[in-house]
Amino acid sequence: MQNSRRKFIQNASLAMVGASLKPHFLWANSHVNAVSNRLIGIQLYSVREDMKKNPLATLTALSKMGYQYVEHANYIDRKFYGWSAKEFKKVLDGLGLKMPSGHTVMTSQHWDNKNKDFTKEWKNTVEDAAVLGQAYVISPSIDDTLRSTYDGLMLQLEIFNKSGVLCKSNGMKFGYHNHDFEFKEKLNGSLLYDIILQHTDKNLVVHQLDFGNMYGAGGRAAEWVKKYPGRFQSLHIKDEIKAEIGEMHDGYESTIIGTGVVDPKSIALLAKKIGGAVHYIIEQESYQGLTPLDCAKKNLEIIKTWGI
């Protein structure tokens, strides 16, 4: 996934156009206040090929399985899977689904350094997220060039905090989702994930902890929950098994939760107790011969037994 999904989301995020923020989206505050209620959802990248072929049928199938919450990974030309924000909200409402979070990569192109402000493209991202009633606007990566130097990373984290202010003005929070590089790359002797957590404002920036992405790089989710209690309001529930190549090119790929080496149940319950977790988002990207929808159904059945 290191190359495929990151490229998938980055390509989507670079195509946005449109207008600036409008204050009538402040209604989204009511949704943010509701996130204290724990929820279980699915990252739609788990069923990406089905969503490409027939998004309505795929969302209908997920709803019939018992899913009530979805998280997007597709935003192109101000469209979610081909629908405008208002259209997509109508589709979700009709299926009894809500979208409390979504993934759009924040790139260096989204910040206008000359004017010291976000571009229209990023403001559109926040505006459309508010239309959907999202609580979190999540970027699932950092530009390689920006994280190659300490000063570059500090600049990016400062912009993350500024995005947190922008999202807050629209009743939401900005979020960051980890991959694997945060747990193997260092700057000034510190792991990138330590630097990211230490220099993002906990009141403005949510961290979505992905259990699986870090595993092959040596990261263990439970250790990070203990090290930074209260910082992980959103989780990507993922399990891993050995693979020839793996999604992160580390020899591991995702599988049905609870059948691999990660022990996602114990991490999820720990995050419930001390991590501040309220969103439990299932993600599986490899399927070992099953269909993505079959995996989605099995994963939901399993996580419902965990007592979250």
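Helix α6 (residues 120-131) packs against helix α7 (residues 150-168) at an angle of about 45 degrees, with the axes 10 Å apart. That angle makes α6 oblique to α7, a class left over once angles under 35 degrees (roughly parallel), over 145 (roughly antiparallel) and 65 to 115 (roughly perpendicular) are set aside. The model is predicted: local features need pLDDT of at least 70, side-chain atom pairs count only at pLDDT 80 or more, and totals for chains, interfaces and linings use all residues. Residues are numbered from 1 along each chain as its sequence is written, and side-chain values use heavy atoms, with hydrogens and water left out.

**Helix packing**
- The crossing of α6 and α7 is right-handed, meaning that the near helix is turned clockwise from the far one by less than a right angle.
- Trp122, Lys123 and Val126 of α6 meet Ser163, Leu166 and Cys167 of α7, contact being heavy atoms within 4.5 Å.
- These contact residues divide into 4 nonpolar, 1 polar and 1 charged; Ala, Val, Leu, Ile, Met, Phe, Trp, Tyr, Cys and Pro count as nonpolar, Asp, Glu, Lys and Arg as charged, and the others, Gly among them, as polar.

**Backbone**
- His249, in the loop between β12 (239-242) and β13 (252-255), has a positive phi near 60 degrees and is not a glycine.
- Asp263, in the loop between β13 and α10 (264-275), likewise is not a glycine and has a positive phi of about 60 degrees.
- Helices (H or I, at least four residues) and strands (E, at least two) are DSSP runs, numbered from the N terminus.

Methods. Axes fitted to C-alpha atoms, helices over the stretch in contact; angles between N-to-C directions.
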